[in-house]
Amino acid sequence: MRRALRESKLLRRGYSQSAGAWAVADVTELPKMPPFDYTPPPYSGPTAAEILAKRKEFLSPSMPYFYSKPVNMVHGKKQYLFDENGRRYLDAFGGIATVCCGHCHPDVVKAIVDQTNKLQHSTILYLNHSISDFAEALASKMPADLKVVFFTNSGTEANELAMMMARLYTGSHDIVSLRNAYHGNAAGTMGATAQSNWKFNVVQSGVHHALNPDPYRGVFGSDGQKYAKDVEDLIKFGTSGHVAGFMSEAIQGVGGIVELAPGYLPAVYDSIRKAGGLCIADEVQSGFARTGTHFWGFQTQGVVPDIVTMAKGIGNGIPLGAVVTTPKVAEVLTRRSYFNTFGGNPVCTAAGLAVLGVIERENLQGNAHAVGSYLKERLNALKDKHEIIGDVRGRGLMLGVELVTDRNLKTPANIEIIRVMELMKDMGVLVGKGGFYGNVFRITPPLCINKDDADFLVDAMDYAMAKL
């Protein structure tokens, strides 16, 4: 019955079904947001203009914002955000792949409030069950012998620590990462990051950037083995033959939702381990069920890393990160004193444990797979209609739509994407933007999004592109 109603709704919107796939027809009516039985409380705080004025005076000028008139978000519920006027928006960016359970999920909020009322912070030098309970639960989601956890406050911190551990464990210094990667903005992680947009002119040593196994823009298309050969050559000709490790995302987030070519990671992991290195999986964006098919992004390539880093979705918005590794690798941190004042504090780890519980109870991984597959199919149908869409990629609810002005030359449509974003925002849809050229829509909504939301998103994108 529900499927029949959805198909009827699509037909009324002007869509048709051919060979089991939905084709996009002309959209003449302004898309309507799905109903949502919730009204946020009245807002009486500062206006967007007042906040923007203070921001310009007192906050770093490096802080960017979306839209010509930035929105003042004051409330959130599930997959929606509300601005100062009570207007509802579909949040298809999820705070940069961070809000996995949905905004202000009652279970997560309760865990935070309950723990805050009991003990907000002491120190890990004293015992508290919150950190150990969450570490145990997190370890249960990992394969093989990955069971020792060190908590941090962010993904950058987690990646910094992982790189240091690899260097300490192996006694080597060289790290291999990928072009187009983003791993953070501190000293070491900026070196591993490989986009000039995110790199300052400061000392960055000991990192070699391999060819990016990008099926859309890469020189070898989807041939993962050919890209992997480049890493083998880097080890031979760019290092002493021994390396500390290899770090990569399974799906590059900031880089524009680039899913690595099939078969790439198994071949690279083999080369790295032969050179004495450790394999580091950066799961900051693709972890915690976002890919739908798997809980961790690296599992899509059938590999088991030596170190896994994570943040963002781990706490549904709470500042929290983690490094998970084997007992043997973890031992290197005992050689000196290593400490993090706030890493693993009771409030954050209580939130993290609640997040894991919500993902399991509400089958958010299954929803990410079902809704994400449906959304990707709809976006591919949109690609058939609009020449400006050069590529649709990703999996689950980590999807990218790359806009180009010429499909053959793959010329980045970095001006047009801004116009489409503005129009979609005006219709009530918030999406992210990324990629080296700034021409890729990053669609990473809360994992509780439904198919009606997916239809609304595609309808809004279709409408906006028709207005270009």
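# Salt bridges, a helix pair and a buried glutamate

E232 and K236 pair up through their side chains in a salt bridge, with 3.4 Å from N to O. This is a predicted model, and across the whole structure there are 17 such salt bridges.

**Salt bridges within helices**

- E232 and K236 sit four residues apart in helix α8 (residues 224–238), so about one helical turn separates them.
- E232 itself is partly exposed, at a relative accessible area of 30%.
- In helix α9 (residues 264–274), K274 and D270 are also four residues apart, about one turn of the helix, and their side chains form a salt bridge at 3.1 Å, N to O.
- Of that pair, K274 is exposed, with a relative accessible area of 68%, while D270 is partly exposed at 40%.
- Over in helix α13 (residues 416–427), E422 and K425 are three residues apart, which puts about one helical turn between them.
- The E422 and K425 side chains meet in a salt bridge of 4.0 Å, N to O, and both of these residues are buried.

**A salt-bridge network**

- Shared partners link R217, D391, R393 and E402 into one network of salt bridges.

**Helices α5 and α11**

- Helix α5 (residues 129–139) and helix α11 (residues 346–361) have axes that come within 8 Å of each other and cross at roughly 35°.
- The α5 and α11 crossing is left-handed.
- On the α5 side, the contact is built from S130, I131, D133, F134, A137 and L138; α11 brings P346, T349, A350, G352, L353 and L356.
- Sorted by class, the contact between α5 and α11 comes to eight nonpolar residues, three polar and one charged.

**E283, buried without a salt bridge**

- You'll find E283 in the loop that runs between β12 (278–282) and β13 (307–310).
- E283 is buried but has no salt bridge. The nearest side chain of opposite charge belongs to R290, and that is 9.7 Å away, whereas a salt bridge needs the nitrogen within 4 Å of a carboxyl oxygen.
- What is E283 in contact with, leaving aside its neighbours within four places in sequence? The list is A250, W296, G297, F298, V308, T309 and M310.

Definitions and conventions: Residues numbered from 1 in each chain as written. Predicted model: local features only at pLDDT ≥ 70, side-chain atom pairs only at ≥ 80, totals over all residues. Heavy atoms only, no water. Helix = DSSP H or I, 4+ residues; strand = E, 2+ residues; numbered from the N terminus. Buried < 20%, exposed > 50% of the residue type's maximum accessible area, 1.4 Å probe, protein only. Lys, Arg positive; Asp, Glu negative; His and termini not counted. Contact = heavy atoms within 4.5 Å. Axes fitted to C-alpha atoms, helices over the stretch in contact; angles between N-to-C directions. Left-handed = near helix turned anticlockwise from the far one by under 90°. Nonpolar A, V, L, I, M, F, W, Y, C, P; charged D, E, K, R; others polar.
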